[in-house]
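Me: I have a structure here and would like to know what stands behind the words used for it. Could you take me through them?

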Amino acid sequence: MRMVDLIEKKRDGYTLSKEEIEYIITNYTNDTIPDYQISALLMAIFYQDMTDEEITDLTLAIAHSGDVIDLSSLDGIKVDKHSTGGVGDTTTLILAPLVASVGVTVAKMSGRGLGYTGGTLDKLEAIPGFKIELSDEEFIRIVNESKVAVIGQSGNLAPADKKLYALRDVTATVNSIPLIASSIMSKKIAAGADAIVLDVTTGDGAFMKNIDDARRLAKTMTRIGKLANRQTVAVISDMSEPLGEAIGNSLEVVEAIETLQGDGPEDLVEMCYALGSQMVVLAEKAKTMDEARVMLEEALESGKALAKFKEMIQNQGGDSTIVDEPERLLTARYTFELPAKESGIVSKIVANELGIAAMMLGAGRKTKDDAIDHAVGLKLNKKIGDSVKAGESLVTIYSNEEEISTVIELLYKNIEIGESAEKPTLIHDIITE
């Protein structure tokens, strides 16, 4: 095969075969095919799209470009959950112990944040002593004993995806549904899950800004899962405003603890029940969504889920006493309130801009090598549809810098107060095939 012929084939709108796709991924991973030819292919895919079979073949080729984790020694059906990204998305911190507390096996590999989207590993590292790197033996032992562990991805997990993503980032080909879908699903398949629940976010704070693109991405990924023999469900959720109230690493750990204590923000709690119920059903611990939800509600109300979170922290070397004293994590040097300039109803909160404001404080990364300040971030005191009086606090800002005028300016620009507003619909659709 010649790479130039394959570029030409896709450029002209023809379908690449399984063998051709495997040839491309294998040789690109081995540095035999240069970046400039892969760049040309990525642009051809961007404009010509791919069939479901092509996307599945691409996904599996990427998944098998490095290590494929074998979780067969773990008991039960292994269910993974993945979000396509957002602001204030604390669900994994809550879901992992919550669904594990009702007997679901959660052997989860998570990633770091980049830009305004938070990374689960960064949040967990806000817990003193928490280890995100475990040996394979430790990981398997802990999950078999305790049903849950959340760790960083293996260095050789889907290496082709790392190379392709870096190239997409500098060739304006990130926003391609076949490339997004294959990137996400290749890592989930390589991580060894039997079943996958996808949280496909849509709105200002999401990668998919409109519902049609989110629905197409969700359908594409569920079809990939089916063709790859993985049960897959996608929940299309709203990210027009941040999920929950906290944006920032320590702040989100505190919010997760409060939620597991039964005192979480309404939208975050509902999102966890929606995603968690899907996980419980796919794990065959309940026959219906209603039955699964009742199990999760009982686990939360009884304290079982909170105890499981404490156990998870302890198992991974962390200081589990923060579950009883979460305020110890609030270590930012300064706190500032953002007072409303007028009375009315909060009518708009632009999620991605608030994520950028938190990043400017140090809660996120502009580049993958940036250091994270776990202490800083934002706490929303009002959300869309809430009434507010002039002078009342819209946001509490946690900062280690005294000069934050640019952050304040950005927040005021992206929180609007009007005469009326409806709370956003949290869940837009559920895609099963």
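Me: How many residue pairs are in polar contact between domain 1 and domain 2?

Reply: The count is 0, with both residues required to be at pLDDT 80 or more. A polar contact is a pair of N or O atoms within 3.5 Å; within protein, one must be able to donate a hydrogen and the other to accept it, and residues adjacent in sequence count only if both atoms are side-chain atoms. This is a predicted model, where local features need pLDDT of at least 70, side-chain atom pairs count only at pLDDT 80 or more, and totals for chains, interfaces and linings use all residues. Residues are numbered from 1 along each chain as its sequence is written, and side-chain values use heavy atoms, leaving out hydrogens and water.

Me: What makes up the area buried between domain 1 and domain 2?

Reply: Carbon and sulfur atoms give 84% of about 330 Å². Buried area is the accessible area (1.4 Å probe) that two parts lose on being put together, summed over both. The count of salt bridges between these two domains is 0. A salt bridge needs a side-chain nitrogen of Lys or Arg within 4 Å of a carboxyl oxygen of Asp or Glu.

Me: Where do the domain bounds come from?

Reply: They come from an automatic or database domain assignment, which gives domain 1 (1-47), domain 2 (77-159 + 174-323) and domain 3 (329-416). The centres of domain 1 and domain 2, taken over C-alpha atoms, are 33 Å apart.

Me: Why is the pair Asp 161 and Lys 187 called a salt bridge?

Reply: Their side chains meet at 3.1 Å, N to O, so the pair falls within the 4 Å limit. The structure holds 27 salt bridges.

Me: How do you know that the radius of gyration agrees with a compact globule?

Reply: The rule is 2.2 Å times the number of residues to the power 0.38, with the radius taken over C-alpha atoms. For 433 residues that comes near 22 Å, and the chain has 22 Å, so the two agree.
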